[in-house]
Amino acid sequence: MTRGAVHAADQLEAELLVLQTGSGVTAMAVSELRPRTPLLALTDNEPTAARLTLSWGVQAGVTEMSRRSPEAAAEFVSQWGLERGLLRPGGRFVLIGTTDWSRKGKDLMLVCDVGETPASAAADEGARGRA
């Protein structure tokens, strides 16, 4: 998953590669690949965030969004990134997360347009199809 995410972020010219993490293991693995895309690790664990600041290229944020649905995390990152100038309107980021926090590892990669979550994009597409 880590190599694929780095490759996707690079090919899509994503502005951020975002990792939802509890332990920080995935963020550290991505950091070791030295991606060109800036890394943002979202965790709900302060010691994990502190440890991640020592990893190459990782900016860590402590938030409950680290354990929320990918759609909620994408919406949070979009707003957060715009407010801090890390994302621009119409930009793109790649989000790595999981569909089941009770299991180890990550099984989800989303490509997100800034200001548009996967759920809203699907709803918009459905609305256009009905019009």
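Tutor: Let's begin in a loop: R34 lies between α2 and β2. Helices (H or I, at least four residues) and strands (E, at least two) are DSSP runs, numbered from the N terminus. Please keep in mind that this is a predicted model, where local features need pLDDT of at least 70, side-chain atom pairs count only at pLDDT 80 or more, and totals for chains, interfaces and linings use all residues. Residues are numbered from 1 along each chain as its sequence is written, and side-chain values use heavy atoms, leaving out hydrogens and water.

Student: What is the phi of R34?
Tutor: Phi of R34 is near 50°, a positive value in a residue other than glycine. R34 is partly exposed, with a relative accessible area of 47%. Here buried means under 20% relative accessible area, exposed over 50%, and partly exposed in between (1.4 Å probe, protein chains only).

Student: Which residue just after α1 takes a positive phi?
Tutor: That is E13, with a phi of about 55°. E13 is found in the loop between α1 and β1, and at 67% relative accessibility E13 counts as exposed.

Student: Now the helices. How do I read which side of a helix faces inward?
Tutor: The general idea comes first: an α-helix has 3.6 residues a turn, so residues three or four places apart point the same way. Now take helix α2, residues 25-32. Its buried residues are T26, A27, V30 and S31. Seen down the axis of α2, these fall within an arc of 140°, so they line one face of the helix. The arc is that of the directions from the helix axis to the C-beta atoms.

Student: Which exposed residues are on the face of α2 turned away from its buried side?
Tutor: V25 and E32 are the exposed residues there. The buried residues of α2, on the other hand, pack against α1, β1, β2, α3 (46-52) and β3. Contact means heavy atoms within 4.5 Å.

Student: Which residues of α1 are buried?
Tutor: In α1, residues 2-11, they are A5, V6, A8 and A9. Viewed down the axis of α1, they fall within an arc of 165°, so they line one face of the helix. R3 and Q11 are the exposed residues carried on the face turned away from that buried side. The cover over the buried residues of α1 includes β1, α2, β4 and β5.

Student: On to the strands. How do I read a sheet?
Tutor: Strands of a sheet pair through backbone hydrogen bonds, either parallel or antiparallel. Two strands count as paired if DSSP finds at least two bridges between them. In this model, five strands form an open sheet in the order β3-β2-β1-β4-β5, with mixed pairing. At the edges stand β3 (58-62) and β5 (108-113), each with a single partner strand, so one side of each is left without a neighbour in the sheet. From one strand to the next, the twist averages 20°.

Student: How many bridges join β1 to β2?
Tutor: Four bridges join β1 (residues 16-20) to β2 (residues 39-43), and the two run parallel.

Student: Are the faces of β2 covered or open?
Tutor: In a regular strand the side chains alternate between the two faces of the sheet. For β2, both faces are covered: L39, A41 and T43 on one side and L40 and L42 on the other are all buried. Five of the five residues of β2 are buried, so this strand is largely enclosed by the rest of the structure.

Student: How do I read the handedness of a crossover?
Tutor: Point the strands away from you: a crossover is right-handed if the path from the first strand over the helix to the second runs clockwise. β1, α2 and β2 make a right-handed β-α-β unit, and β2, α3 and β3 make a right-handed one too.

Student: What pattern does the protein chain follow along the sequence?
Tutor: The protein chain follows α-β-α-β-α-β-α-β-β-α, with five helices and five strands. Of its 131 residues, 42% are buried.

Terms used: Axes fitted to C-alpha atoms, helices over the stretch in contact; angles between N-to-C directions.
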